[in-house]
Amino acid sequence: MKFTRPASRRTRRVLALAAIPAAALAALTACSSGSTSSAPAGGASVTGTGPATGSPLTVADVAPFSGADASLGPTYLASCYAATAAINANGGVQGHTLTCKSVDTRGDPADAVPAVNQMFASTSSLALVIGCTSDEAASVAPIINAHKMAMFCMTGQSEFDSVHFPYFYRLVPPDLEESYADVAIAQQLGYKRIALAFGNDIGSQTFIQPAIAALKKAGITLATNQALDLTATTFRSEAEAIVASHPDAIMTEALGSADPTLFQEIQQLNGGKVIPIIGTSAAISPAFFKAAAAAVGASAFVSNFHADNLVTETSGPAYQAFSAALLAQQGKVPGATGNFSTYLSAPGGVHLYDGINLAALAMIMSKSTQPSVYGADIIAIGNGRPGATVCYSFATCAALLKSGKAIRYEGPGGPTNFDSFHDSTGIFQVDTYSASGAVNVTGNLSAAQLRALSS
Amino acid sequence: MTIFLSSVGFGLVTASVLAIASVGFTLQFAVTDVLNLAYGAVMIAGAFLAYLLNSHGVNIWVAAVVTAAACAAGSVLLNAGVYAPFQRRGTAPITMVIVSLGMTLIIEFGVQAIAGGTSVSYKVSEGPSVRADGFTLTAVQFAVIGLAVLTMAGTHVLLRYTRLGKAMRATAANRTLARNCGIRAGRVITATWAITGALCGLAGVVFGMDAGSFDATSTDLFLIMILAATFLGGPGQAYGAMLGAVVIGLATEISAAYITADYKYVVAFVALLVVLGVRPTGLLGKAAT
């Protein structure tokens, strides 16, 4: 017995028409929130007994691929491609290859949470999460942790300094320390008046209070503090306020088009001159260089720009392995633009490459692709045990593990020292750009310098 | 006084970009009955087309003309392929808004998929700056203001003195009556999509020039400013949109100078709410009879 009558032809036509944009939107959403990229692959399921031998495991890059911080996702993806290709070329892990998957958070918690939930629902072979920037870490880290999935996050938020998430790992310093590093650069360069211009996103705003406190401690005058709305299209009023405050330099982090636009408007209002800029490590990326250099001219930009960055290797066996693995991926990473070699110094590129290697080696050491099993060995391999052999690449470390030796992995990001919250922080260097976008290291910042600026 | 003059200068530039965009948007809405929220997405698609041409050595002003033509064609196709079929089937106006919202995402993500997530800038010389007691504008900014004035004058001539303009006004006022008077409303609507599409493309290019650096999502907030200028002036009122653009442009920049830049959009929208509270139909809008 039928209780409904068949749809009329007209109704069917309307439904069909409505289905077109609906299907397009659904496809668009699916495309934007997750797409698997095929660097050679391998992984572990979150629940159950794990994937079949030989099936690929997935490393998910949970990061902004669209929106104001869209340059971050491809940076991390470059490190994922490099690490997984090198791992796969050396036998993979536990009979699995590794593959990379991009999960677009749009840099917004509201988009990140459903994207991560969808990732878990649709990725049975997930073995590791990388990315989770300050834009979304606070909202997605608890979810990832609840799924008992290991994650290497690129967030400096201070809440992760003291809240324990068993599956959370961090190879980058808290924003607090990076703020001190920026102020230390200002001290080194002899600046007396600093203007702050940070984006109104979560990740950038966390710099401000520590920076203000450190400036005071350093005896540097805060000329002005401008918050930049990352959705705005011009910052003329903010630029006017900055120029009028006569700073020696601007300390800034406002990704997307915000900083380049601000620099251009300051240049216009300042008689064609760019005010010296001190950026955070987020400014060390090909996308940022390309946009900023296009906005004010490459020579004007590079002659006025400094940024803090974690000390990374620029030579030696770890760097050589990293460099070879990364540069082999040139032209293969979706969304990667600009001078590809800049990724050799990009914090996300270096430290997530190390994170993936640490996780893969831990899988081999624990003979498991389950994060609940291999997690403890990430610490063991990163911190090393007494008598452990130091090794510098996945290939040599995996060979040592297979021969029964204890190892300590030291990648291009240098030695790791995880604390009880799984945070490992290094020391800072001062970076500049060349006119071609290559990164130059012009100095170092000692731990004592940063301690002197801390409250 | 220095700060005031400076912010008035900036406000005029913002108002100029906004005026070109808002006049196109409001004309489109008045004549076609579509509140096309994809307008901002078409703008940014145009801005990127101009960038593509400019990065291959084409002068930005030539690129602007090509972009205006391309966006005119694109808007006609957008109507013919998406909006018109829905309208023919009597789709409710609110549903049309949702359809246009869907088109916004499709176009914006499409641009991002092709162009990538990074910011780009035009290769254009800013030219010499003119400074006078805090009033600082570059030659390019004067050109943008001039272009806006020309566009407004052109719109005035079109609506006031041409057969097409009169037909557009008649169609906007009462489409059925216009048809009964012998006006080919279908052709008028197609012409309106072409004209407003051209304005949209032109607005995209001057938006890119004014912003200095832009990405695929840069017009998200700007679309809200277009809506604010449109409704402040009275929806469907071309002259109202011009006035609304000037008010919104000046309000954002002057308030940023005297209060704080954090609240510049808040002030603009408070002004909008106050005006709509006093005159619900907008500054130049007419009450329905």
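**Exercise 1.** How much area do chain A and chain B bury between them, and what share of it is on carbon and sulfur atoms?

*Solution.* We begin by recalling that the model is a predicted one. The size of an interface is often given as the accessible area lost when the parts come together. For chain A and chain B this area is about 3300 Å², and 54% of it lies on carbon and sulfur atoms. Turning from area to residues, we find 41 residues of chain A in contact with 41 residues of chain B.

**Exercise 2.** Find which charged and polar pairs link the two chains, and which element of chain A gives the most to the side that touches chain B.

*Solution.* The count of salt bridges between chain A and chain B is 2, and one of them joins Glu238(A) to Lys264(B), whose closest N and O atoms are 3.7 Å apart. This pair qualifies because the cut-off for a salt bridge is 4 Å. Across the interface, 9 residue pairs are in polar contact. Among the elements of chain A that each supply at least two residues to this side are β8 (221-228) and α8 (236-244), while α1(A) gives the most, with 10 residues.

**Exercise 3.** Describe helix α2 of chain B, its cover and what comes just after it.

*Solution.* Helix α2(B) runs over residues 39-55, and its 17 residues reach 24 Å from the first C-alpha to the last, close to the 24 Å expected. Its buried residues include Tyr39(B), Met43(B), Ala47(B) and Phe48(B), and what covers the buried residues includes α1 (2-32) and α3 (60-88) of chain B. Just after the helix, Gly57(B) takes a positive phi of about 95°.

Technical notes. Residues numbered from 1 in each chain as written. Chains lettered and ligands numbered in written order. Predicted model: local features only at pLDDT ≥ 70, side-chain atom pairs only at ≥ 80, totals over all residues. Heavy atoms only, no water. Helix = DSSP H or I, 4+ residues; strand = E, 2+ residues; numbered from the N terminus. Expected span 1.5 Å × (residues − 1). Buried < 20%, exposed > 50% of the residue type's maximum accessible area, 1.4 Å probe, protein only. Contact = heavy atoms within 4.5 Å. Buried area = accessible area lost by both parts, 1.4 Å probe. Salt bridge = Lys/Arg side-chain N within 4 Å of Asp/Glu carboxyl O. Polar contact = N/O pair within 3.5 Å; in protein donor to acceptor, adjacent residues only side chain to side chain.
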